[in-house]
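Visitor: I have a protein chain to look at. Please show me how to read its features one at a time.

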Amino acid sequence: MKSGKKAVFLFFFIALLASGLCLGTCSRGTEAPGKSYVALITKSMDSAFWQSVYAGAGAAATEYNLEITLEGPASEEDYETQNMLIDRAVEDGAKVIIFSAVDYNANSEAINRAAKSGVKIVVIDSDVNSSQVSCRIGTDNHAAGRMAGRAVLDTEEEELYIGIVNHDVNSANGQQREEGFREAALEDERVKAMYTINVPSTTEDAREGAANLLKEHPEINAVVTFNEWTSLGVGWAIRDMELADSTRVVAFDSNVVSVGMLETGEVDALIVQNPYAMGYLGVERANSLITGSGQEESRIDTATTCVTRENMFEPECQRILFAF
């Protein structure tokens with residue numbers, strides 16, 4: 001699995017370099033005279049989700065003739081590195097920061113500081129507690145949570161005992177998805193109990209946490225989880241414990257491994273977002289803020305689709321699962 005991830009990341013790295021974009025630390029303003037500089041700061045970098053965001057952002061940056069840097073911390077818990085990257089983008093002359101927050105509250109001061117200095121702020125995917133954001137682009141997380149709830153309920157089980165494996169409690173999108181999920185699930189009287197854990201957003205932490213939850217509550221017959229890394233961890237835990245036939249699993253996002261789990265039965269449904277659109281529309285909105293042209297929306301909802309084993313081979317679902 002690690003080698004596969006490295007190969008995919010290398011592909012995107014080469015593609016981004018070919019597009020004249022910057023990953024990590026690189027000089028700003030010297031290699032692209034006359035171009036406005038936009039900084040894209042994400043929750044992490046090494047995942048299929050963020051690579052798709054970068055691909056969309058790169059396409060839009062080329063179309064609108066913008067200089068763009070793509071940066072993020074090594075883990076989806078490291079808000080301090082994000083705050084450092086925000087300050088550095090301001091120092092380097094960014095006109096717009098496109099941002100996905102690790103921590104709804106802990107990132108707010110740095111974002112407000114950037115906005116006070118004159119930098120425009122566009123949020124994608126995960127929100128930040130700031131009134132200075134010009135536009136928020138991404139999944140309607142509450143609605144996506146409700147979609148996951150309906151997917152869990154799409155079973156003939158007479159009673160449902162649900163395990164919820166969520167990521168960092170300070171990440172806005174995960175909490176909004178759980179809220180929507182609970183709202184939908186509790187509309188069905190078959191739901192007898194729900195047990196929630198929050199884990200660091202890594203595959204191994206989710207794998208361990210899901211296994212412990214399932215051991216502590218062996219009555220659980222459905223599990224839901226809300227991002228790419230936790231989805232993989234839950235899938236591995238279900239495989240390790242040989243529970244695929246007795247546990248309904250609804251997960252988020254897609255990559256080669258999770259799509260394989262959907263096909264082989266560890267996962268029963270994937271709630272698939274549109275990260276490419278988040279990246280593309282984020283840069284498009286940044287360009288309109290720089291030029292002062294059009295696009296006055298303060299919130300843009302990107303599409304979300306429920307993919308199951310029954311519909312995964314339909315052409316539309318194939319395009320969603322394998323965007324490249």
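**Reading the chain**

Guide: The chain has an accessible surface of about 13800 Å², and carbon and sulfur atoms make up 49% of that surface. Such areas come from the Shrake-Rupley method with a 1.4 Å probe, and for residues only the protein chains shown count as cover. This is a predicted model, in which local features need pLDDT of at least 70 and side-chain atom pairs count only at pLDDT 80 or more, while totals for chains, interfaces and linings use all residues. Residues are numbered from 1 along each chain as its sequence is written, and side-chain values use heavy atoms, with hydrogens and water left out.

Visitor: How many helices and strands does the chain have?

Guide: Helices (H or I, at least four residues) and strands (E, at least two) are DSSP runs, numbered from the N terminus. Here there are 11 helices and 13 strands.

Visitor: What share of the residues counts as buried?

Guide: Buried means under 20% relative accessible area, exposed means over 50%, and partly exposed lies in between (1.4 Å probe, protein chains only). By that rule 56% of the 324 residues are buried.

Visitor: How do I read contacts along the sequence?

Guide: A contact means heavy atoms within 4.5 Å. Among contacts in the chain with a separation of 6 or more, 74% are between residues 24 or more positions apart.

Visitor: How many salt bridges does the structure hold?

Guide: A salt bridge is a side-chain nitrogen of Lys or Arg within 4 Å of a carboxyl oxygen of Asp or Glu. The structure holds 14. One of them joins Asp125 and Arg177, with the closest N and O atoms 3.7 Å apart. Asp125 is in the loop between strand S5 (120-124) and strand S6 (133-138), and Arg177 is in helix H6 (residues 172-185), so the pair links distant parts of the chain, 52 residues apart. Both Asp125 and Arg177 are buried.

Visitor: Which residue meets Glu183 in a salt bridge?

Guide: Arg146 does, at 2.7 Å from N to O. Glu183 is in helix H6 and Arg146 in helix H5 (residues 141-153), 37 residues apart. Glu183 counts as partly exposed because its relative accessibility is 39%.

Visitor: What should I look at in H7 itself?

Guide: Start with the span: the expected value is 1.5 Å times one less than the number of residues. H7 has 14 residues and reaches 20 Å from its first C-alpha to its last, close to the 20 Å expected. Its buried residues include Thr203, Ala206, Gly209 and Leu213. The buried residues of H7 pack against strand S7 (160-166), strand S8 (191-198), strand S9 (222-225) and H8.

Visitor: Which residues touch the most other members of the largest nonpolar core?

Guide: A nonpolar core is a set of buried Ala, Val, Leu, Ile, Met, Phe, Trp, Tyr and Cys residues joined through side-chain atoms within 4.5 Å. In the largest, of 28 residues, they are Val165, Val223, Val234, Val267, Leu270, Val307 and Leu321. H8 gives the most to this core, with 6 residues.
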